[in-house]
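Me: I would like to learn how to read the features of a protein model, one at a time. Could you take me through this one, giving the general idea before each case?

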Amino acid sequence: MAALQLTSPAFQPDGDIPKKFTCTAEDVSPAFSWPDAPAGTQAFALIADDPDAPAGTWVHWVIYDLPSSARGLPEGVPKQEIVQGGGYQGRNDFGRIGYGGPCPPPGSPHRYFFKLYALSAKTGLKSGATKAALLRAMEGKILAQTELVGKFRR
């Protein structure tokens, strides 16, 4: 698989996610960037989830069919089904479209995995898809993937 890198100006790998990006403050999505794409990339998808949630992995963000020319996402992507510049947002486990920031119960820190996928074709999904639907639609299309992990505690 080709190399793919994901970074954010908001936090370092395995670093603390600032409150601004969580349910305790503005709850806006952090900015992300990826410098390049593997040959043959037709679309990108990003899934953010928390495997440390008490009820099992909690999905915070599902965004997909971003154009192959995309090299990042701005801070504060509007919480609407259609992404400006191309792509769609799905439904998170809060039952809402778009980004839902870290919101763990008080206690130990939770890990938040932001997983970027380079795809050989668009998924064909309509807006509002779930993580499960996106994972099914990506089967056989993943050229490369990477992740950036941040932490947050209340």
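Reply: Let us begin with burial: a residue is called buried under 20% relative accessible area, exposed over 50%, and partly exposed in between, using a 1.4 Å probe and protein chains only. By that scale Asp-49 is buried, and Lys-131 is buried as well. Please keep in mind that this is a predicted model, in which local features need pLDDT of at least 70 and side-chain atom pairs count only at pLDDT 80 or more, while totals for chains, interfaces and linings use all residues. Residues are numbered from 1 along each chain as its sequence is written, and side-chain values use heavy atoms, with hydrogens and water left out.

Me: What order do the strands of the open sheet have?
Reply: Strands (E, at least two residues) and helices (H or I, at least four) are DSSP runs numbered from the N terminus, and two strands pair if DSSP finds at least two bridges between them. Here six strands form an open sheet in the order β1-β8-β7-β3-β4-β6, with mixed pairing. Because β1 (15-16) and β6 (88-89) stand at the edges with a single partner strand each, one side of each has no neighbour in the sheet. Within the sheet, β3 and β4 run antiparallel and are joined by seven bridges; Asp-49 has Val-59 in β4 as its bridge partner.

Me: Which strands does helix α1 touch?
Reply: Contact means heavy atoms within 4.5 Å, and axes are lines fitted to C-alpha atoms, for helices over the stretch in contact, with angles from 0 to 180 degrees between N-to-C directions. Helix α1 (residues 131-138) packs on the sheet and touches β3, β4, β7 and β8, its direction making about 140° with that of β3.

Me: How many residues does the largest nonpolar core have?
Reply: A nonpolar core is a set of buried Ala, Val, Leu, Ile, Met, Phe, Trp, Tyr and Cys residues joined through side-chain atoms within 4.5 Å. The largest one has 26 residues, and those with the most contacts inside it are Leu-6, Phe-32, Trp-34, Phe-44, Trp-61, Ile-63 and Phe-114. At least two residues of this core come from each of β3 (43-50), β4 (58-67), β7 (110-119) and β8 (142-152), and β7 gives the most, with four residues. Another core, of 12 residues, lies apart from it and includes Val-62, Tyr-117, Leu-119 and Met-138.

Me: With which residues does Asp-49 form salt bridges?
Reply: A salt bridge is a side-chain nitrogen of Lys or Arg within 4 Å of a carboxyl oxygen of Asp or Glu, and a search of the whole structure finds five. Asp-49 forms one with Lys-115, their closest N and O atoms being 3.0 Å apart, and this pair links strand β3 to strand β7 across 66 residues. Asp-49 also meets Lys-131 in a salt bridge (2.6 Å, N to O); since Asp-49 lies in strand β3 and Lys-131 in helix α1, the pair ties together parts that are 82 residues apart in sequence. Asp-49 has 3% relative accessibility, and Lys-115, at 18%, is buried too.

Me: Which cysteines does the disulfide join?
Reply: A disulfide is a covalent bond between the sulfur atoms of two cysteines, identified here as a pair of cysteine sulfur atoms within 2.5 Å. The disulfide joins Cys-23 to Cys-103, with 2.1 Å from S to S, and the torsion about its S-S bond is about 85°, so the disulfide is right-handed.
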